[in-house]
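Welcome! Please open the sequence and the model, and try each task before reading on.

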Amino acid sequence: MEEHSGHLWLESIDSVDADGHKEWKYMWFVLDEGYLRYYHKEDSLEPLATIPCRGIVVKSVGKARVGKHAFRLDVNKQEDGRCKYVLAGDEEADSLVWLEFLRDHGCSVNISKIRVRAAAR
């Protein structure tokens with residue numbers, strides 16, 4: 001399995017902007033040896049969470065996110081308290097590349113059924 005790393009947007013679980021939309025954080029993600037890890041930034045030494053790919057089910061988000069090419073990871077409860085992660089690449093193509101790598105590392109992904117199109121503003 002080839003390692004993959006890069007920035008993804010992570011939807012916040014608790015903070016919202018002035019319009020009532022959940023805020024997004026630009027985080028560094030590393031997919032390696034069957035685990036997805038994420039960090040505050042690329043040179044951080046300790047991950048905020050380490051998620052085993054075997055337990056991840058990747059889906060479309062229920063509602064498209066404005067300006068974000070988002071997809072959803074359903075997981076068993078993780079060390080950071082999450083059961084769901086909503087992630088987005090900078091572009092639709094970025095999100096699709098991540099989906100392929102997630103599938104290759106053991107996540108349950110049906111790419112043909114996942115929609116990562118951003119909602120219009």
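**Exercise 1.** Which span should helix α1 have, and which distance do its end C-alpha atoms show?

*Solution.* Start with the element: helix α1 covers residues 92–104, 13 residues in all. Helices here are DSSP runs of H or I with at least four residues, strands are runs of E with at least two, and both are numbered from the N terminus. Next, the expected span is 1.5 Å times one less than the number of residues, so helix α1 should span 18 Å. Its end C-alpha atoms are 19 Å apart, which agrees. Just after α1, G106 has a positive phi of about 105 degrees.

Before going on, note that this is a predicted model: local features need pLDDT of at least 70 and side-chain atom pairs pLDDT 80 or more, while totals for chains, interfaces and linings use all residues. Residues are numbered from 1 along each chain as its sequence is written, and side-chain values use heavy atoms, leaving out hydrogens and water.

**Exercise 2.** Find out which residues of α1 are buried.

*Solution.* Buried means under 20% relative accessible area, exposed over 50%, and partly exposed in between, with a 1.4 Å probe and protein chains only. By that rule, S95, W98, L99, F101 and L102 are buried in α1.

**Exercise 3.** Trace the ring cluster that includes W98.

*Solution.* Rings of Phe, Tyr and Trp (its six-membered ring) pair if their centres lie within 6.5 Å; planes under 30 degrees apart count as stacked, over 60 as edge-to-face and the rest as tilted. The count comes to 4 aromatic pairs. One of them is F29 with Y38, stacked at 5.3 Å centre to centre with 25 degrees between the planes. The rings of Y38 and Y85 have centres 5.9 Å apart and planes at 75 degrees, so this pair is edge-to-face. Y38 lies in strand β3 (residues 35–39) and Y85 in strand β7, 47 residues apart, so the pair links distant parts of the chain. With 4% relative accessibility Y38 counts as buried, and Y85 does too, at 1%. Together, ring pairs link F29, Y38, Y85 and W98 into a cluster.

**Exercise 4.** Is strand β7 largely enclosed or open?

*Solution.* Of the 6 residues of strand β7 (residues 84–89), 5 are buried, so the strand is largely enclosed by the rest of the structure. Now look at its partner: 6 bridges join β7 to strand β6 (residues 69–74), and the two run antiparallel. Strands pair if DSSP finds at least two bridges between them. Across this pairing, F71 stands opposite L87.
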